[in-house]
Amino acid sequence: MSIEKALGIVVRLNDYSETSQIATFVTDIHGRVSALAKGSKKSDSSTGGPLDLLTVNELVFSTGKTGSLATLREAHTIEQFMMLRRSLQCYYAGMYFAEICSIFAEGSEGSSGHFDLLRGSLRALCEAEDPSVPYIVLYFESHLLAVSGLAP
C-alpha cells in the first residue's frame with residue numbers, strides 16, 4: 001500500500017454509507033482515481049468536510065492493488081468554480097466536461113493533459129457569457145480528442 005499525493009477535480013460522488021462517499025477524481029498525475037472517502041460527510045473529517053463536485057483539491061490517498069478502490073486520507077479544496085452555479089447552462093456544461101473527461105482519463109496515468117484541459121475549461125465557463133458557452137464546449141471536445149491521442 002503506497003501513499004500518493006496529487007491535485008484532483010471531483011467529477012463524481014456516490015454515497016457509500018451514512019457518513020462516507022466514493023469520490024472519483026481526474027488527477028494531474030494518476031489519471032482517473034476512485035477513492036473511498038471515509039467520514040467525508042462529517043464537517044470535522046480529514047477531507048475538510050463534505051466533498052463538492054467540480055472543485056480542485058489537494059489529495060493524499062493510499063492505493064492497494066491495481067484497479068482497486070483507493071482510500072482518501074486527506075483532501076483540501078484549493079479552487080472552487082462557484083460562478084458555474086449562476087446559470088444552468090454553465091453548470092450543465094461543467095458536469096458534461098467532468099463526465100466525459102472522467103471516461104477519457106481512465107488509464108492516462110502520468111499525463112496531466114486531461115486535468116489541465118478540464119480545469120482550464122471550467123475556468124473559462126466561470127468567465128463566460130451564456131451565448132459563448134457552446135464555443136467553449138466545442139473547444140473542450142476538440143482538445144479532449146487531441147489530448148487523448150484521437151484527434152483527426
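**Figure 1. Surroundings of T27 in the predicted model.** Leaving aside residues up to four places away in sequence, T27 touches A6, L7, G8, V33, L59, S111 and F115, where contact means heavy atoms within 4.5 Å. The model is predicted, so local features need pLDDT of at least 70 and side-chain atom pairs count only at pLDDT 80 or more, while totals for chains, interfaces and linings use all residues. Residues are numbered from 1 along each chain as its sequence is written, and side-chain values use heavy atoms, with hydrogens and water left out. T27 belongs to strand β2 (residues 21-27). T27 counts as buried, at 1% relative accessibility (buried means under 20% relative accessible area, with a 1.4 Å probe and protein chains only). The T27 side chain reaches the backbone nitrogen of H30 at 2.9 Å.

**Figure 2. Surroundings of T55.** T55 is found in strand β4 (residues 55-63). With a relative accessible area of 2%, T55 is buried. A polar atom of the T55 side chain lies 2.8 Å from the backbone oxygen of D52. Not counting residues up to four places away in sequence, T55 touches G8, I9, V10, T77, E79 and Q80.

**Figure 3. The cysteines C90 and C126.** A search of the whole structure finds zero disulfides, a disulfide being a pair of cysteine sulfur atoms within 2.5 Å. For the sulfur of C90, the closest cysteine sulfur is that of C126, at 7.7 Å, which is too far for a bond. C90 is buried, with a relative accessible area of 0%. C126 is also buried, and its relative accessible area is 15%.

Notes:
Buried < 20%, exposed > 50% of the residue type's maximum accessible area, 1.4 Å probe, protein only. Helix = DSSP H or I, 4+ residues; strand = E, 2+ residues; numbered from the N terminus. Polar contact = N/O pair within 3.5 Å; in protein donor to acceptor, adjacent residues only side chain to side chain.
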